[in-house]
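Please walk me through this protein model, step by step.

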Amino acid sequence: MRKENHPGVQAQDDHAAARALYGWRASSYELQLAPYEFIRRMAVDYLQLRPGECVLDLGCGTGMSLAQLREAVGPGGRVVAVDQSAEMLALARLRAQRAGWGNVVLQCAAAEAALLPRQVDAVLLHFTHDILQSPAALDHLLRHLRPGARIVATGLKWAAPGLTPWNLLVALHMMQSVTHYEGWQAPWQPLLERGAQLQVDTLVVDTIFVAHGTWPGRRRVQPLDERR
């Protein structure tokens, strides 16, 4: 259980822990995520990107999604990629420089503090559990999505009860990937609570989810009995 802390202090601690974790993983990150490449392709397909659009890759890591995103929006589109790990983003920047992508913008920042375009057409949240569980990050993101913008979030989840061996594998990956250990039954739930209209597919014995849909442009108003 987490030690109770002031929200600002807790956020700083979480960011420091995440930067340390992903700085350590940067050199081996792409090899570790290679088995999930089919999920990345599925996620980009669900974004239904069109030439000329602006797409956000929030928590972009080493930039493994950049080539597919840029190809989809074309040279007249824009890809904005954000990650708070300097080591991860350095590899993403090297990838973009080698490919000569002039319309890929890279930013090293926490998700809730990133400088985002005002009207984003689509956002990819690929294996970004900590961002999905951060109210500040999600609220900041949704303020920059245009009405009807497409959202795709993917990642690991707890499998159904009775699939203990699979949940042990999920837990092993969690230890290497996240600082937040809440929300694993339905990591996409905070998006739904804010009004995102999502369909959720689960794969690989219920351990991976792909949530895809749209942002209607305004937050859902909670009934009085749901408010705290």
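## A guided walk through the fold

Thr179 sits in the loop between helix H8 (164–177) and helix H9 (189–193). What is the C-alpha to C-alpha distance between Thr179 and His15? The two are 8.5 Å apart in space, while 164 residues separate them in sequence.

Now step back to the whole chain. This is a predicted model. The mean pLDDT of the protein is 85, and 79% of its residues reach 70 or more. Over residues 1–5, though, the pLDDT is below 50. That stretch has eight contacts in the model beyond near neighbours in sequence. Where pLDDT is low, the predicted coordinates should not be read in detail.

The protein has 228 residues, and 51% of them count as buried. Its secondary structure comes to nine helices and seven strands. Take the contacts with a separation of 6 or more: 73% of them come from residues 24 or more positions apart.

Next, the sheet. In what order do its seven strands stand? The order is S3-S2-S1-S4-S5-S7-S6. The sheet is open, and its pairing is mixed. Strand S3 (104–108) and S6 stand at the edges. Each has a single partner strand, so one side of each is left without a neighbour in the sheet. On average, neighbouring strands of this sheet are turned by 15° against each other, direction ignored.

Look at the parallel part. Strand S1 (residues 54–58) and strand S2 (residues 78–83) pair in the parallel sense, over five bridges. Leu58 has Val82 in S2 as its bridge partner. Helices pack on the sheet as well. Helix H4 (residues 66–73) touches S1, S2, S3 and strand S4 (120–126). The direction of H4 makes about 155° with that of S2. Helix H7 (residues 135–142) touches S1, S4, S5 and S7. The direction of H7 makes about 145° with that of S5.

Now move to S7. Strand S7 (residues 208–215) is mostly covered, with seven of its eight residues buried. Strand S5 (residues 145–156) runs antiparallel to S7, and eight bridges join the two. S6 and S7 form a hairpin, with four residues between them. In the turn, Val204 has a positive phi of about 50°.

Turn to the helices. Helix H5 covers residues 86–99, which makes 14 residues. At 1.5 Å a residue H5 should span 20 Å, and its end C-alpha atoms are 20 Å apart, which agrees. Which residues of H5 are buried? They are Met88, Leu89, Ala92 and Ala96. These four cover an arc of only 90° around the axis, which puts them on the same side of H5. On the other side of H5, Gln97 and Arg98 are exposed. An α-helix has 3.6 residues a turn, so residues three or four places apart point the same way. Just after H5, Gly100 takes a positive phi of about 70°.

Gln48 follows H3 and is found in the loop between H3 and S1. Its phi is positive, near 50°, in a residue other than glycine. Is Gln48 buried or exposed? Gln48 is exposed, with a relative accessible area of 52%. Phe127 lies in the loop between S4 and helix H6 (129–132). Phe127 has a positive phi of about 55°, although it is not a glycine. At 17% relative accessibility, Phe127 counts as buried.

Note on methods. Residues are numbered from 1 along each chain as its sequence is written. This is a predicted model: local features need pLDDT of at least 70, side-chain atom pairs count only at pLDDT 80 or more; totals for chains, interfaces and linings use all residues. Side-chain values use heavy atoms; hydrogens and water are left out. The expected span of a helix is 1.5 Å times one less than its number of residues. Buried means under 20% relative accessible area, exposed over 50%, partly exposed in between (1.4 Å probe, protein chains only). The arc is that of the directions from the helix axis to the C-beta atoms. pLDDT is the predictor's confidence in each residue, from 0 to 100. Contact means heavy atoms within 4.5 Å. Two strands pair if DSSP finds at least two bridges between them. Axes are lines fitted to C-alpha atoms, for helices over the stretch in contact, and angles run from 0 to 180 degrees between N-to-C directions.
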